[in-house]
Amino acid sequence: MPVTSCCWSRAMRRNRSIAPDWFEALYREQGDPWNFETSAYERAKYDHTLAALPCPRLGSMLEVGCANGVLTERLAPRCDRLLAVDVSETALAAAAVRCADLPQVVFERRHLPAEAPPGSFDLILLSEVIYYWDSDDLARMADYLRGAVPSGGHLMLVHWLGETDYPKSGDAAVGELAGLLGDAVEVIAAERREEYRLDLWRRR
């Protein structure tokens with residue numbers, strides 16, 4: 001669950017994508033800033049994410065914003081190949097230790113969308129990430145997704161619905177990306193819980 005300031009207000013919403021240094025500082029100072037390892041909310045959300053995967057096993061998956069690898073470790077048994085990326089070296093180091101016995105997982109430091117990986121993926125998971133981007137970066141990511149997800153492949157998005165100072169709210173970010181992709185995708189699932197939403201789209 002994102003940690004937000006008690007003095008948040010819409011007037012304080014950032015208007016530019018959040019820089020990698022912000023995430024790196026959080027992981028260096030706090031280790032597990034969103035309590036991925038211990039939060040009951042995160043555990044239930046991960047259960048939901050795994051249950052919503054479109055098939056029992058995927059050939060290839062891209063996890064954007066893998067953080068310290070708590071979800072990565074649970075996704076790996078469902079994939080032949082899992083590329084997990086993050087902007088924080090500190091988070092990636094912890095993730096690599098956590099997943100050391102999972103040879104199908106590769107970790108890379110990448111700042112998306114500018115450093116999006118080449119190739120195509122059966123599923124791209126965008127969990128708690130797209131609301132960190134401004135509209136320009138969302139447009140760049142939409143362009144990338146059109147090429148990186150082949151026909152019949154899937155996009156899964158999972159996002160917190162509470163108040164933050166990020167460039168977008170969870171609903172606004174998902175809605176904007178859906179508009180940018182247009183008829184390139186069809187909605188397979190659109191599920192809401194009290195605190196987050198899960199969306200599954202299939203590439204036409």
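1. How many disulfides does a search of the whole structure find? The search finds zero, where a disulfide is a pair of cysteine sulfur atoms within 2.5 Å. Cys 55 is in no disulfide, and the nearest cysteine sulfur, which belongs to Cys 79, is 9.0 Å away; Cys 66 is likewise in no disulfide, with the sulfur of Cys 99 nearest to it at 8.2 Å. Cys 55 counts as partly exposed because its relative accessibility is 27%, whereas Cys 66, at 3%, counts as buried (buried means under 20% relative accessible area, exposed over 50%, and partly exposed in between, with a 1.4 Å probe and protein chains only).

2. On the basis of the note: this is a predicted model, in which local features need pLDDT of at least 70 and side-chain atom pairs count only at pLDDT 80 or more, while totals for chains, interfaces and linings use all residues. Residues are numbered from 1 along each chain as its sequence is written, and side-chain values use heavy atoms, with hydrogens and water left out.

3. The structure holds one cavity of 30 Å³ or more, and the volume of the largest cavity is about 430 Å³. A cavity here is a set of points, on a 1 Å grid over the protein atoms alone, where a 1.4 Å probe fits but cannot get out, and its lining residues have an atom within 4 Å of a point; grid points are joined across faces, edges and corners, and the volume is the space filled by probe spheres set on the points. Of the 31 residues that line the largest cavity, Gly 65, Asp 86, Glu 128, Val 129 and Tyr 132 are the closest to its centre.

4. The lining of the largest cavity divides into 21 nonpolar, four polar and six charged residues (Ala, Val, Leu, Ile, Met, Phe, Trp, Tyr, Cys and Pro count as nonpolar, Asp, Glu, Lys and Arg as charged, and the others, Gly among them, as polar). At least two lining residues come from each of α1 (20-30), α2 (40-52), β1 (58-64), α3 (70-75) and β2 (79-86), where helices (H or I, at least four residues) and strands (E, at least two) are DSSP runs numbered from the N terminus.

5. Glu 128 is found in the loop between β4 and α5 and counts as buried because its relative accessibility is 13%. Asn 35, in the loop between α1 and α2, also has a positive phi, of about 55 degrees, but counts as partly exposed at 40% relative accessibility.

6. A cis peptide bond, with omega about 5 degrees, joins Leu 112 and Pro 113; Pro 113 lies in the loop between β3 (105-109) and β4 (123-127).

7. The largest nonpolar core has 63 residues, and Ile 124, Leu 126 and Ile 130 have the most contacts inside it. Such a core is a set of buried Ala, Val, Leu, Ile, Met, Phe, Trp, Tyr and Cys residues joined through side-chain atoms within 4.5 Å. Helix α5 (residues 135-148) gives the largest share of this core, six residues.

8. Met 61, in strand β1, counts as buried at 1% relative accessibility. Beyond neighbours within four places in sequence, Met 61 is in contact (heavy atoms within 4.5 Å) with residues including Leu 53, Leu 75, Cys 79 and Phe 121.

How values were computed:
1 Å grid on protein atoms, 1.4 Å probe; cavity = no way out; pocket = protein on both sides within 12 Å on 5 of 7 lines; lining within 4 Å.
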